[in-house]
Amino acid sequence: IRDKFPISDLKLAGIDVNETAIATAKRYLPAINYQVASVVEIPFETKSFDVVLSDACLMYVAPKEIKNVVKEMNRVAKRGIILVEWYDEKSINGVVKDNHWCRNYEKLLKPLGYKVEKIKITNELWPNDNWTKHGVVFIAQRA
């Protein structure tokens, strides 16, 4: 992200529930604000980031928590949310496919005031059978 957007005051942050993952990230990219935390309760102020990005994270969130997690992402995002997740057109809370939760994130994001674009993950984008079968990039911009 820093390479594509060389903005002098660009601030990046990341969270993960796994302390080892955070320690590894700090070794490779020390200029980023990392915290051990859960997406259920994001430890940042309201509207503290222009864009929130989740890459293969929400596929591990239980159905009873997904609506609150999306609301938390909405709380900290000023302009938009980008999700790289597994998709199921019919399910909002989640249906399991190939051992991961799949959902219709467009239906979760639109009621929060987002215009949502879906980009199907192809073999050229991500050469992995499960990701080409289930993966979608959701780009949600505040309407």
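1. The model is a predicted one. Taken along the principal axes, its C-alpha atoms fill a box of roughly 40 × 30 × 30 Å.

2. As to secondary structure, the protein contains four helices and eight strands. Along the sequence these elements follow the pattern β-α-β-β-α-β-β-β-α-β-α-β. Of the contacts with a separation of 6 or more, 59% are accounted for by residues 24 or more positions apart.

3. Four of the strands form an open sheet with mixed pairing, in the order E3-E4-E8-E7. Strand E3 (49–55) and strand E7 (114–120) stand at the edges with a single partner strand each, so one side of each is left without a neighbour in the sheet. On average, and with direction ignored, neighbouring strands of this sheet are turned by 15 degrees against each other.

4. Within the sheet, strand E4 (residues 77–86) pairs with strand E8 (residues 135–142) in the antiparallel sense, over seven bridges. Gly-80 has Gln-141 in E8 as its bridge partner. Helix H2 (residues 63–76) packs on the sheet and touches E3, E4, E7 and E8. The direction of H2 makes about 145 degrees with that of E4.

5. The largest nonpolar core has 24 residues, of which Leu-58, Ile-81, Leu-83, Tyr-105 and Leu-109 touch the most other members. At least two residues of this core come from each of E3, H2, E4, helix H3 (105–109), E7 and E8. H2 supplies the largest share, five residues.

6. Leu-83 deserves a separate remark. Leaving aside its neighbours within four places in sequence, Leu-83 is in contact with Ser-54, Leu-58, Met-73, Tyr-105, Leu-109, Val-136, Val-137 and Phe-138. Three of these contacts, Leu-58, Tyr-105 and Leu-109, are also named among the core residues that touch the most other members.

7. On burial and surface, 35% of the 143 residues count as buried. The protein exposes about 9,000 Å², of which carbon and sulfur atoms supply 52%.

Definitions and conventions:
Residues numbered from 1 in each chain as written. Predicted model: local features only at pLDDT ≥ 70, side-chain atom pairs only at ≥ 80, totals over all residues. Heavy atoms only, no water. Pairing = 2+ DSSP bridges. Axes fitted to C-alpha atoms, helices over the stretch in contact; angles between N-to-C directions. Contact = heavy atoms within 4.5 Å. Buried < 20%, exposed > 50% of the residue type's maximum accessible area, 1.4 Å probe, protein only. Areas by Shrake-Rupley, 256 points an atom, 1.4 Å probe, with all protein chains shown as cover. Core = buried A, V, L, I, M, F, W, Y, C linked by side-chain atoms within 4.5 Å.
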